[in-house]
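This report describes the packing and the side-chain interactions of one protein chain. The sequence and the structure come first, and the description follows.

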Amino acid sequence: MKKFIDSWEGRRDKLPYEIDGIVIKVNEIAQQLELGFTSKAPRWAVAYKYPARQETTVVNDVLFQVGRTGTLTPVAVLEPVQVGGVIVSRSTLHNMDEIARLGLHIGDTVIVERAGEVIPHVIKWSRKAGRAAKLWCPRMSGGHSRIHKDPEEVAYRCVNASCPAKRKESLLHFAGRHAMNIDGLGDKIVDQLVDKELVKDFADLYELKLEEVAALDRMAEKSAQNLLDEIAASKNNSLARLIYALGMRFVGERTGQLLAEHFASLPKLAEATVQELEEVAEVGPKVAQSIADFFSEPANRKLIQRLKERRLENDRETRRAGRLALRGDDICLHRRIGPPFAR
């Protein structure tokens, strides 16, 4: 069996399709039935995986990808190399600790493999003799925004809600169904708004003009007006939706609702200390610190002020009082028996 497996490892390059291993199985149906299955796989078959293909290339640069929540992920820009039938020119470096573990420098020669025959991965390096390698230097995509790091985590984060590197993902989250619910503001439109520099943050959405939107690809005057109507209607959304839409780390729909009930307005939430935030039900130290970090960023405080000027953040004390008007009263609920549409 081992001889058969080894023989096919040498012949896999001659196949008209990619394989990453050999499956060894019992042929007899009766024996298969006797051996049976686990909850995930048959007991009568096992897969033998060949080692991932590896190639050597050079690290030309290191860039940063910034996710919606601001997590910075270093990415190696590689001299293009073919690995298992695919041209690989980039590979994630995961985080700063991984770079330190590898001891990686720009200009280093590295060995790359495709983890699981899919994802490019730098596994080790060997610097070329006589080549002066440049020191790796993170060029933060968040511009002049401060970079935050939790001592208990390896990730570095930009908490600026208007960070150019995460602008598109942030806008898509802001417009999402469970956030501000702006129908029609999808990937294609957001890409154009950002690329044409018509929108740099959430507040800019409420300054868009009909002629600007109508000039976008796949848009006409009627569809542009429909989108502007959706954006205008989002001003009437609840404070809870707005808090969630800001995209603060650890702040989901439920936490947004609890924060809205407790503070009743965005400016009050922005001024809250970590200790005051921890007084909110279900908000622990990690969530409280994340919220405090978000509002400590000057760019975010400026954004909150701009949203308020566009009447997107009015004091919700009246609404809150209305929702709590029945608190303490006894209510009798009646369940109707019978067909749902019976008269």
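## A buried salt bridge

Asp204 and Arg306 are both buried, where buried means under 20% relative accessible area, exposed over 50%, and partly exposed in between (1.4 Å probe, protein chains only). Asp204 and Arg306 form a salt bridge, with 2.8 Å between the closest N and O atoms; a salt bridge is taken as a side-chain nitrogen of Lys or Arg within 4 Å of a carboxyl oxygen of Asp or Glu. This pair links distant parts of the chain, 102 residues apart: Asp204 is in the loop between helix 5 (187-195) and helix 6 (210-214), and Arg306 is in helix 13.

## Basis of the description

The model is predicted; local features need pLDDT of at least 70, side-chain atom pairs count only at pLDDT 80 or more, and totals for chains, interfaces and linings use all residues. Residues are numbered from 1 along each chain as its sequence is written, and side-chain values use heavy atoms, with hydrogens and water left out.

## Overall make-up

The protein has 14 helices and 9 strands. Helices (H or I, at least four residues) and strands (E, at least two) are DSSP runs, numbered from the N terminus. Of its 343 residues, 40% count as buried. Contact means heavy atoms within 4.5 Å; among contacts between residues at least 6 apart in sequence, 56% join residues at least 24 apart.

## Nonpolar cores

In soluble globular proteins, nonpolar side chains tend to be buried together. A nonpolar core is here a set of buried Ala, Val, Leu, Ile, Met, Phe, Trp, Tyr and Cys residues joined through side-chain atoms within 4.5 Å. The largest such core holds 56 residues, and the members that touch the most others are Phe174, Ile182, Leu205 and Leu259. Apart from it lies another core, of 15 residues, including Leu102, Leu104, Ile106 and Val112.

Which residues does Leu205 touch, not counting those up to four places away in sequence? They are Leu171, Phe174, Ile182, Leu185, Leu193, Val199 and Ile231.

Helix 12 covers residues 285-296, and its end C-alpha atoms are 16 Å apart.

## Aromatic pairs and a charge over a ring

The structure has 4 aromatic pairs. Rings of Phe, Tyr and Trp (its six-membered ring) pair if their centres lie within 6.5 Å; planes under 30 degrees apart count as stacked, over 60 as edge-to-face and the rest as tilted. One of the pairs is Phe37 with Trp44, edge-to-face at 6.1 Å centre to centre and 85° between the planes. Phe37 is exposed, at 52% relative accessible area, whereas Trp44 is buried, at 16%. The ring centres of Phe294 and Phe295 are 5.1 Å apart with planes at 85°, so this pair is edge-to-face. Phe294 is buried at 5% relative accessible area, and Phe295 is buried at 3%.

Arg11 lies over the face of Trp8, 3.9 Å from the ring centre. The rule for a charge over a ring is that NZ of Lys or CZ of Arg is within 6 Å of the ring centre and within 35 degrees of the ring normal.

## Other salt bridges

The whole structure contains 11 salt bridges. Lys2 and Asp6 meet in one of them, at 2.9 Å from N to O. Both residues lie in helix 1 (residues 2-11), 4 residues apart, about one turn of the helix. An α-helix has 3.6 residues a turn, so residues three or four places apart point the same way. Lys2 is exposed at 51% relative accessibility, and Asp6 is partly exposed at 35%.

Glu271 and Arg301 form a salt bridge with their closest N and O atoms 2.4 Å apart. This pair links distant parts of the chain, with Glu271 in helix 10 and Arg301 in helix 13, 30 residues apart. Glu271 is exposed, with a relative accessible area of 53%, and Arg301 is partly exposed, at 35%. Salt bridges that share partners also join Lys168, Asp191 and Asp195 into one network.

How values were computed: The expected span of a helix is 1.5 Å times one less than its number of residues.
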